Structures are given as structure tokens and as C-alpha cells.
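I opened this notebook to record what I looked up in the structure. The entries follow the order in which I worked.

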Amino acid sequence: MSEAALREELAEDRPPHAGPWSQLGAAVVAAVVGIAGVIGSLALGLGRLTQPGPGLWPFVVCVVVTVLSIILALVGRHGTDTEQFSRSSVQTAVAVLTLVVFASVLPLIGFEIPSLLLTFVWLRFLGKESWVSSVAISVGTVVAFYVLFVLLLQIPLPRLI
Amino acid sequence: MGGLIDGFGVVLEPANLLYCLIGVVIGMLIGVLPGLGPAATIAILLPITYGVEPVSAIIMLAGIFYGAQYGGTITSVLLRLPGEASSVVTVFDGYALAKQGRAGTALGIAAIGSFIGGTVSIIGLTLLAPVVAGVALDFGPPEYAALSLFGVLLVATVGNGSRLKAVIAAGLGLLLATVGRDTFTGASRFTFDSLNLADGIDFVPIAMGLFGLGEILYNLEERHHKVQAPVAVANAWPSRADLRQSRGAIARGSVIGFVLGVLPGGGATLSSLVAYAVEKRRAKEPERFGRGAVEGVAAPETANNAAATSSFIPLLTLGIPANATMALMFGALLIQGIAPGPQLVSEHPDLFWGVINSMYLGNILLLIMSIPLVGVFVKILKVRPAVLAPITVLITLLGVYTVANQVFDMFLVIVFGVLGYLMKKFGFEPGPLVLAFVLGSVMETAVRQSLLIFGGNPMGFFTRPISGTVLVALIVVLALPGVRLLVRRRKEKERV
């Protein structure tokens, strides 16, 4: 097999690139952050070159970010390095949601139940594992974590038992 | 020389030996498993380093780093599936050899090459590092300002993907580093009156979020090829003829890897590509490459290990990390209250020489383990990513919580995880951001102190020999692609 063909095949199976609007969007978001930073730095006070104020360094950084983002918006539209969001991106969103719930309830009810549910949801619904192996692996994981963190390392995790 | 010998004493302490072994085994495992790379693994394991002696912690993290280079080779050869970016070129000839029933030869040559490359690099490190550190002792703020700028920009421009985006990412990293109290004036910057942000953002949640969680979220969208049935491994060591054939490739690969590893942004991936290209160009019959040339495995595998080792030089001597993984090492050292820099050799000789010597040992451990354990690694490949993902997520979130018992840190990891995921979706590499974040406060302090030294004249940087040279070199490197483009356009015009 030729090297080029192999290289092609080895390239990760990325979804199709997302086109000029996504490039423009990325550049605009970066520019907005840059401009917000410029405004924030000005409010902090630039001082003088002989006596730099707290805002001088962030100001310089943000000006560079803003200028480069504008250049990106102008010349980067035909780049192919952005990825389309697909149906599997919804999974990622669900995954993030489970993490937020996990972090929110952990201090209230301890780490055992949230960990169990998190692993189970990820295995069964995001990973499409079977019911049996999802239950088995999630219970096994939580038990292993309990033994490792609580019994062996004695780390003060919030917990039920 | 005394330090070198004391360093061996440090490594041979049972605890350190154990951490070295744990490190290289974890490194090999994650090198074998596609998905999580060494940077993600080191990021996820950062909380462990809080509870461990500094020397042991760095020995373990270093082991993960160079162990991963070994592990990536195994999947490249057997499954045509590079576990790491630095093993991609190994696939061309490694898999071809495996199909001819010579997988053992390919793995053996790779292990031997890696060992030699790693060792050559360690010897270079041993000789060169104290010299560089000695010179760097005289560096003042202007030199540090120039060097850190050089490091950040070179890493941003050498990586794959859009350079413009990488520099923007680096800028955002520098901006994030300013959050918190300004050390010069005491003013609160960008804290939005949040008490959690008053002391700035910690390095650990940023690294764990961008590298660890971001990577996991990104991999959730199935992107990887189905794992193929592995090629059977006949336990054939490379023959004498193979060794003779790859002798030159290993020698050249060691040198290429060592040199490119030291340069900012160089590192393992680039050096493996360059070493492969060099061998192919030098070969009398270049058409053999891609069809199972032993040199095609020997050169990149030697080079990537040599580079992995030598990339410690700028970190341990100047305090400037040469790539994203070294930025994590930098962070790990800071966690331990050790500021990497030229004083490291004299102030923490046990750490400096201990870590260097642990690499000798780690390389020997890897050489011993890699061949007999091939069967085990092939079994590990059957572990499905879907099973690994929730477990790594739990380790990440519970891990960051244990650092300071702060729920806020878990949310920071989630926020930076989402940011890392989105950055990858939109073609921004998280590496430059993390590196710039790590160097951010060093750089700002150096720039502001320099301005005071120069009486407010920014051109002062060009009046000192070292900072001036570094900055001019940087301008040349940055301008080069533009100049090349102009020349090409002019030529095209002439043709028309």
C-alpha cells in the first residue's frame, strides 16, 4: 500500500468539516474575548511603561488576541479544521450534564450514589453496554473507589457510609 | 559527577523504584490504548502528586511520558493503530513487517532502538544540562522574558493545525494566567468579585479539564477505527542482519531525536517524522520503505524516545517547558513548591539527578518488559473505550476534589473540559493554552521587571546579547513561512 493511502486511512475518522461559518464564529468568539479583555484591562489601569499598572500586560495580550482573531476572521474562512456537530454531539452534551449533576449533589449525599449513577449512565446509555455489564462494572468501580480512596488512602471524600 | 552517583542512590530507594515501575507500566498501558495520550494521563494523575515525595512524583510522571512512547509502538506494529502521534510513521514499515510474520523483529528493533535512543539522550542530558544551567544562572528578567516568549510562540507555531489559532489559544492562556491578585500592585484582576478566583486559577483544574476531560468528551463521539484482529507475534528477535541494517538508522535517530527534543515545540512526534524521512532519503533503495524496511521502524522509534528524554533539558535547566507534556511536569514541580530553573541542579540535586537516573532505569525496565508482555498488551486492547471513559471521568472529578476539598474545582474542571472539547471541535489545540498559562506569570513578571530595568524602553530587550539574539531568532522563525510564500508567488507569476 502506498504511504499516502495509508496516511489517509490512518487519519482519524473525523466528521466532515463545518465550513466557513464555523470558522467565522470561532474567530468572532475569540475576538469578543479579546475585546472584553482590552476593556477590562483599561479599567484596571495601564500605568506607564516606566511604572506598569495592573492592566498593562493583559492589555497587550488582549490586543494581540483581538488582532489575530480579526485576521483569522478575514483569512481563515476556508480552513477545514473545524468539525460538524452531529447526533453524537448530543451525547457529549448529555455527558456534560451528568457531570454537572454529579458535582452538584456530591457534597450533599456523598460520592457513592452519584458515582454509581454516573458510571451506569455512561456505560449503558452513552457507551451502549449491556444492562448486565453496565450494572456489574459500575458497582465494581464504586466498590473499588471506596476501597482505594476511603479505606486505603483515607481521603476525606464526602460519603454516605 | 558526585551528583550523578548520588542520583543513582536516590533512584535505588525502594519507594522510588516502585514509582518508576508504576510510571512506566501506566505509560505503556496508555500508550497501547488509543484515546488517552500521555498528556491526558499525566493531567488526570496530577492530584496524586500532592501526596507523594517530589522526587517520586516526578519520577513516576516521567515514566508515564517515556513509557507511552514504547506502548504506542506495539499497537502501531500489530494493529496498524498508532496509540500515540509519535508512532504514526512506525506504522508504515512496522505493520508491513508484521504482515510478513516479522512482528517480533519490528517490536524488538523498536525496543532496542528506543533503549539506545533514550540512553544516548540521557547521556547528552547528563553532560549538557548542568552546562546550560550554569550559563542560565546569569540570566536576568529580560532573558527570561525573551526565552518564555520564544518557547510559547514556537510551540504554538510548530504544532499541527492552524498556527493563527494556536497563537490565539496561547494568548488566552496568558490572559487566564492574569486572573487573581497582581503581585506588583495587589490589585484584583478579572476575578468578577468571586472569592474562588481571588487567588487566581489553579493549574491543576485547567490541565485536568483541557487535557483530561476535554479529551474524554471529544472521544465520546466515536472517531476511532474498529480494532482489527491483531497479527500473531512469532517470538522472533531481530536477527544480526536486521541489527546491522538498522545500526545507522538508530545512530542517526538518536541524534535527530536528541536535538529536536531540546528545541521548543520539537518533541517526539516531529523527530520521528524527520528521522523516518532522513532514512528514506539516504536509503539506496527507498522503495523498500513502506514494505517492511527495518530501518523504517528503527529510525522513528529511536528518535521519539531520544526526543522524549531530551525535552527535559529546557525544563530542568531553564524552567522553560518545550512542549505541552513538559508544561504538565512544570506544573507538577510547582505543586511540590519547586520552581524549575537554573538553580534546580544546585538547590535540589537529589531531584535533578534522581529524575535523570530514573530514566536510565526506566528504559531498562521497559526493554525487559516490552517483549514478553506483548501478549498482555494485546489483551488490554480488547478493553472497550466505553468502559474506560466513565472510570477515567470519575478519577478526574474525585481526584481534583481531593486536592483542596473544593466542589468549585470540580466545576472548573467541567468548564475547562467543555472548553477543551469545543477548542478541538473548532480546530484550536489546547496544548499552547496550557503551556502559555504555565509560563504566564513568569513571563509577565519578567517583562515588567525588564521594563523597570530599561527605564520603560521596550527596545531595551534588543540591547542585551542573549535576549536580543533570542528575539531576532524568533522574528526570523515567524517570518519564514511568509517569506517562503512570497517567493513562491513571485515564481508562479514569472512562470505565467
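I took helices (H or I, at least four residues) and strands (E, at least two) as DSSP runs numbered from the N terminus. The expected span of a helix is 1.5 Å times one less than its number of residues.

I noted that this is a predicted model, in which local features need pLDDT of at least 70, side-chain atom pairs count only at pLDDT 80 or more, and totals for chains, interfaces and linings use all residues. Residues are numbered from 1 along each chain as its sequence is written, while chains are lettered from A and ligands numbered from 1 in the order in which they are written.

Entry: helix 12 of chain B. I found that this helix (residues 294–310) has 17 residues and reaches 24 Å from its first C-alpha to its last, close to the 24 Å expected at 1.5 Å a residue. I then checked its cover: 17 of its 17 residues are buried (20 or more other C-beta atoms within 10 Å of their own, with C-beta atoms placed from the backbone).

Entry: chain A. I read domain 1 as 9–78 and domain 2 as 87–152, with bounds from an automatic or database domain assignment. The C-alpha centres of domain 1 and domain 2 of chain A lie 36 Å apart.

Entry: the two chains. I counted 55 residues of chain B in contact with 64 residues of chain A (C-beta atoms, placed from the backbone, within 7 Å). Helix 18 of chain B gives the most to the side that touches chain A, with 10 residues.

Definitions and conventions
Two residues are in contact if their C-beta atoms, placed from the backbone, lie within 7 Å. A residue is buried if 20 or more other C-beta atoms lie within 10 Å of its own, exposed if 12 or fewer, and partly exposed in between; C-beta atoms are placed from the backbone.
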